Amino acid sequence: MRLGQYLMRRIAFSILVLVGLSIVIFIIARVVPGDPTRMALGARAPQWAVDKLKAEMNLDKPLQVQYVYWLKGALRGDFGTSLVTRRPVVEDVKEFLPATVELVIFAGLIQSLFGILLGILAAMYSNTWVDGLIRLLAYLGVVTPAFVFAVLFLLLFGYSWQVLPTAGRLSNGIAAPPLITGMVTVDSLITGHLTAFWDSLKHLLLPGLALAMGGLSQEARITRSAMSDNLNKDYIALETSQGIPRRVIISKYLLKPSLIPTVSIMGLDFASLFGNAFLVELIFNWPGFSRYGITTMLRKDLNAISAVILVLGLVFIVVNMATDIIVSYLDPRIRLGAGKDA
């Protein structure tokens, strides 16, 4: 019940955050120089056509009236028509979002699994050459942007060694599975198209690994630091003196409290993958939501910009709530403290 009350407060606060975010992005998108209707119709379009499109988009009305019209549509799930694709924005979101979700989930699994494993390995062999090598690689991963890794992997695995595909989601000649979730790997497994599954998995490897390198390195460093600190705690020394095997100490008593800071950062890293994916998607020609968002911003597609920012804001909110639940499971003191505050 305490956790339920805590989550209800978080949900109410998140709704306020989304409303505030919608107001901010709505105002910013409309005060940026440039006429979106003129950009959509072209420089040679007659003025009557520009005025007609402005009236259709309610851009001829005061700013507060425009927001009311937009908010009413958004609450109904109608974000208007995209000036870039000339389709309802909701259809664009349904088409492009699953590709980015698939890429982000794959990258998130890579960075979480290997980040924690490398951090544990570095802590177990602290102050040895293994620890030094992992710390050096982690530092390089943190300071190097994702697009640098993307270009490097593209050149090495795509052109020099030619062992992995470098563009798109499926190879030519392989039929896409029936559309269910929009994620090719998931749809392939559901429908039993194993050939499409393995091919789509190979297409995911390079962009997913490039996108995951920064978060993987950061989580490895944090896990290593937390485990090294906890190794010096008195309760670990007591358990060691009682003859408990090191493997049991690490898996049963050391790992769980050491993962609390890692999981907290992991949630932020996972949500930030959506924003960091646009350059990786451009390099690997991945038809995703982040790439679509950048295109709409460059074309000042007002309806699409608002929808993209709100979707990304919602992703951050959901991921942060999920992170809080996981952390409260790892550390009951947080859960009990939330209940007392309620």
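Buried residues are those under 20% relative accessible area, exposed ones those over 50%, and partly exposed ones those in between (1.4 Å probe, protein chains only). The model is predicted: local features need pLDDT of at least 70, side-chain atom pairs count only at pLDDT 80 or more, and totals for chains, interfaces and linings use all residues. Residues are numbered from 1 along each chain as its sequence is written, and side-chain values use heavy atoms, with hydrogens and water left out.

**View A. The aromatic pair Phe26 and Tyr67.** Rings of Phe, Tyr and Trp (its six-membered ring) pair if their centres lie within 6.5 Å; planes under 30 degrees apart count as stacked, over 60 as edge-to-face and the rest as tilted. By this rule there are 11 aromatic pairs. Phe26 and Tyr67 are edge-to-face, at 5.3 Å centre to centre with 75° between the planes. Phe26 lies in helix α1 (residues 2-31) and Tyr67 in helix α4 (residues 63-75), 41 residues apart, so the pair links distant parts of the chain. Helices are DSSP runs (H or I, at least four residues), numbered from the N terminus.

**View B. The aromatic cluster around this pair.** Phe26, Tyr67, Trp70 and Phe79 form one aromatic cluster. Phe26 is buried because its relative accessible area is 1%, and Tyr67 counts as buried at 14%.

**View C. Helices α10 and α11.** The axes of α10 (residues 234-241) and α11 (residues 246-283), lines fitted to C-alpha atoms over the stretch in contact, come within 11 Å and cross at roughly 175°. Angles run from 0 to 180 degrees between N-to-C directions. The helices are therefore roughly antiparallel (over 145 degrees; under 35 is roughly parallel, 65 to 115 roughly perpendicular, the rest oblique).

Note on methods
Helices (H or I, at least four residues) and strands (E, at least two) are DSSP runs, numbered from the N terminus.
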